[in-house]
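Hi everyone, thanks for making time this morning. I'd like to walk you through one structure, so please have a look at it with me.

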Amino acid sequence: MSDQFEHKPPKWADRFLRWYCNPKLLEQIQGDVHELYYWRLEEKGPSKAKKSFIWDVIRLFRWSNIKRTRNTQKFNNMGMIKNYFKIGVRNLWKQRMPSTINIIGLSLAIGCCLVAFKWIENIIIKDAWHSKSDDIYLITPSRIEDGDMTRFGYLPSQWSEEFTKDISGIVDKSRVSYLSPPVRSGENEWPDMVTYVDEGYFRMFDFKMIYGSAESINDLGSVILSESEAQFYFGDEFPLDKELTINGKVYSVSGVIQDAPNGTSLRHGILLNYQIKEQEVKEEFRSYIFLQTEDLSKDLMLSSLTQVMGRYNNENPKTAYASIKLESLNTMAHNNEEISGGLGSGIPIEPVILLSCIAGFMLTLATFNYINISTSMAMKRMKEIGVRKVIGSKRKQLIFQFLTENLILVSLAIGLGLLLASAYFLPGFNEISGSDLSMDIFTHLNLWIFLIILLIFVTVTSGAYPAFYISSFKPASILRGNHKTDGKRRLTGILLTFQMILAVVTIMAAIMFVYTNQSQLNAEWGYSYQDKWGIRYPLSVPKSAVDEALLALPQVESVVRTRDVVGSAYRDEYTYTQDGRRFETCYLYVGKEYLNALDIELVEGRNFNNEVSSEDSKAVLVNEEFMKFYGEDFQEDMLVNFDSTEYRVVGVTKNFYYRPFNSRMKPAIFIRNADSLNIAGLITVNETDEAKMQQLIDKVFEELTPNEEVISYAQSEVFDNYFQETKGMQNIMVFVAILAIILSAMGLYGLVSVSISSRIKDFGIKKILGASGYQIGKDVYKRFALIIGTAFIIGGTLSVFVIGALLDSFYAGNQEPIGPIPLFAGGLILSTIAFVTIYTQVFQVKRMNPAYTLRKE
Amino acid sequence: MKGKGTYIGELEELILLVVGILGDDAYAVGVLKEIKDQTGREVNISGIHAVLARLEDKGWLRSSMGGASKVRGGRRKRYYHLTSAGREMLDQVRSMRENLYAQLPQGMTYSFSS
């Protein structure tokens, strides 16, 4: 017997058998050959047995023993997936509450993502939506100007014809130019933007004609209007064949074209033939030239253009171009900064970052929620998983099943998110941001790609952890019931902390925006704007007549004239000090009594003199900020150099808000404007009812200038646009904070409920032993208080920096600092919500009859 | 017989018979030994495996895994059992053979043997 074990079958043959043999057959085959070996060993001796063994193994190397699949072992995959779906749907239904939380949370986040996607896509696409955009180019010549090579987006008008005529390799062309001539319809006249184009404009670009034909642009007596312009001029009336007087010439409307969508570089309202501008404007003007090539003929076109450039350079040596380049319509707007006087604008980077951050925040919050809640949901299915594992489910299969269930849930959430986004989020966002985005679900390919990526991404990120975690349990420990559902799960605690940090940051952002806006609404502007009215003098009557008519009103106390107006008209230029330093200064040309009429206080020096001596015509006032930059104390008649003119500073005003609060307080210089050149007026009244005053002023002008619209406004309204803008921003922030609070409260709710249900027996026993409500809840509160406290400290610190930077970029230094009061308010909001969320669960435990909890198996 | 698929070969018939003879103790090596004992013919184990699998596919045998045995290093055997279809098949083959045999001309053997 002992020598039997000394002689063993050759190892390599055995290994070879193990390697090739179908594992399902291995046992019986290997057993057989081994048995034969030992049988032969006894009968024929070791060497013969070994040889036979090897021979057997080789003979067994045949297809039927190698192939890995057999009919009986094939999975019915379709049936399996169907089964997963059914179980998935049943499970979602069985655990309605957490499923709903998951779906709602995810769909809120997805709604945000969709809005951000739509907006960012719109910004990035810009002009690429034109179907021929790949073939359309803008001519951009370059030459050295002021020592730098400058690339221009336009050509001089006189040469626009040359640059479009006889160019080889082009399919279509259009020159584009802009002007704001007076436009009159009926009684009313005002300057309006007119776009002068060639016929090719309508063929190259995808703007749709709504009424009439594009060819009518060739008729020099006709005009094509955009949809919104047609509505503006003619209201509900059918616009075709209506008359419009532009620059003194009458045109009849021959077509209505689609409005240029938001974000596109080519804008149009009133379209006239390019030749009209050539006839009317004799001086040189900017002409933008778009050419459409055929495939591959771009180089041909470029060489042809270079030839034209050569001719141009011969005739215009002073403004000769160094080179000519073609800028694709697709990249025109993005490269806007390189092209001087180019069309369109580049990507505003800050809002893109802000929106993607918000969307990312929301998705992170919702995903973390999902991970926490679905892990806890799966905990309740431990027995099912244990039984499945015992029956023989592979881990891979369990993971696949969980991911399938996730897919169902995420699909539902995406459907709901789409609805939310198109019905609520997007319209709301449009209103705030003034954009015209719409959710065209069925035709928008990019949207579908985005949705599918989102589906896969969210399914995997949110589902991977629960699936792997749950499927990793040993069936024995599951069925014995001693797996730990609490305590060990540090990850969920970390995720919750992270969620709470995000919540704190968004809450702080909302608080700071509300707080800053509120304090700005009540802030001093540095001058008195109550009972002041601004007007723009009409051209048709003398200014003195206007003053007289206004002063005839008993409510009007005084009228002063100026050119620039505090609150709206302003520009920046450098001021040079005597020793050659320079700093940027805002300058306003004002009437001599203008600043006085606004009750702007002087801190030093004097106001403008009453009589205009030649000496005083070079007198200026500056603000305190100016003196700070100037770096010296005020002295009578100190000299500054501004706009190549030397001025004497005669006085210093207090700082006041001549611009809205989103621009930094800058040095300002107030230059006395000659009275004849003043175009605006400031009226001081003693009537506090603004509506009534507006009526009175309107009535004066109706009588005085029946044919001319006169602009008048209350000085207190000059920041209204700004306040509206900040209100929009504030609304976005509050909305985001509310979403973040809802999402993190949901996460907290889910986690507390797991924590409680896993210790439900502890609570039952405590209760029987006479624990009070407080004592029962204490443990739960303690654990979560720690998380929330940590989150608040980290989030608070983070928001001082992050939100501080955000506020600074938005309010430019005029924001409120993130002090202890807002931080305290943020902490209070967070802890209140956390407490309420936890309390609802603890309350249930308190009310529960311990008999049930203890009996619960 | 019911068409091509149910054709039975010589080795198949032999193994089917031996499985039937061995009853509850029929597994590949057992069959191999039995054939050797009864006919002196040593069939390779791989052939036996292939035939057993084929017979099972045809429905004349069915199999189950049995207990482990020490000599096989604790590996289990696959036991084969004759099914009623297999038994019927054997009966058919035999009756056909006897039928054919009976038609051999009488007396021919005697002329040779004597």
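Let me start with a question: how many bridges join strand β4 of chain A to β7(A), and do they run parallel or antiparallel? There are four bridges between β4(A), residues 170–179, and β7(A), and the two strands run antiparallel. Before I go on, please keep in mind that this is a predicted model.

Let's stay with β7(A) for a moment.

As a general point, side chains of opposite charge can pair when their charged atoms come close. Asp198(A) makes a salt bridge with Arg175(A), with the closest N and O atoms 2.8 Å apart. Asp198(A) is in the loop between β7 and α8 of chain A, while Arg175(A) is in β4, so this pair ties together parts that are 23 residues apart in sequence. Both of these residues are buried.

Arg175(A) has another partner, Glu278(A), and there the closest N and O atoms are 3.3 Å apart. That pair links distant parts of the chain, with Glu278(A) in helix α10 of chain A and Arg175(A) in strand β4, 103 residues apart. Is Arg175(A) buried or exposed? With a relative accessible area of 4%, Arg175(A) is buried. Glu278(A) has 27% relative accessibility, so it counts as partly exposed.

Now over to chain B. Chain B has five helices and two strands, and from the N terminus the order is α-α-α-β-β-α-α. Of its 114 residues, 40% count as buried. Within chain B, Lys58(B) and Glu12(B) form a salt bridge, with the closest N and O atoms 3.4 Å apart. Lys58(B) belongs to helix α3 and Glu12(B) to helix α1 of chain B, so the pair ties together parts 46 residues apart in sequence. Lys58(B) is partly exposed at 29% relative accessible area, while Glu12(B), at 6%, is buried.

Finally, the place where the two chains meet. Here 21 residues of chain B are in contact with 20 residues of chain A. The buried area between them is about 2000 Å², and carbon and sulfur atoms give 53% of that. The rule finds four salt bridges across this interface. One pair to look at is Glu35(A) with Lys33(B), a salt bridge at 3.9 Å, N to O. On chain B, α2, α3 and β2 each supply at least two residues of the side that touches chain A. That side divides into nine nonpolar, four polar and eight charged residues.

My last stop is Asp56(A), which you'll find in helix α4 of chain A, residues 46–60. Why does Asp56(A) count as buried? The relative accessibility of Asp56(A) is 2%, and the cut-off for buried is under 20%. Among the residues that Asp56(A) touches are Arg40(A), Asn44(B) and Ile45(B).

That's my tour, and I'm happy to go back to any part of it.

Note on methods
Residues are numbered from 1 along each chain as its sequence is written. Chains are lettered from A and ligands numbered from 1 in the order in which they are written. This is a predicted model: local features need pLDDT of at least 70, side-chain atom pairs count only at pLDDT 80 or more; totals for chains, interfaces and linings use all residues. Side-chain values use heavy atoms; hydrogens and water are left out. Contact means heavy atoms within 4.5 Å. Buried area is the accessible area (1.4 Å probe) that two parts lose on being put together, summed over both. A salt bridge is a side-chain nitrogen of Lys or Arg within 4 Å of a carboxyl oxygen of Asp or Glu. Ala, Val, Leu, Ile, Met, Phe, Trp, Tyr, Cys and Pro count as nonpolar, Asp, Glu, Lys and Arg as charged, and the others, Gly among them, as polar. Two strands pair if DSSP finds at least two bridges between them. Buried means under 20% relative accessible area, exposed over 50%, partly exposed in between (1.4 Å probe, protein chains only). Lists of a residue's contacts leave out its neighbours within four places in sequence.
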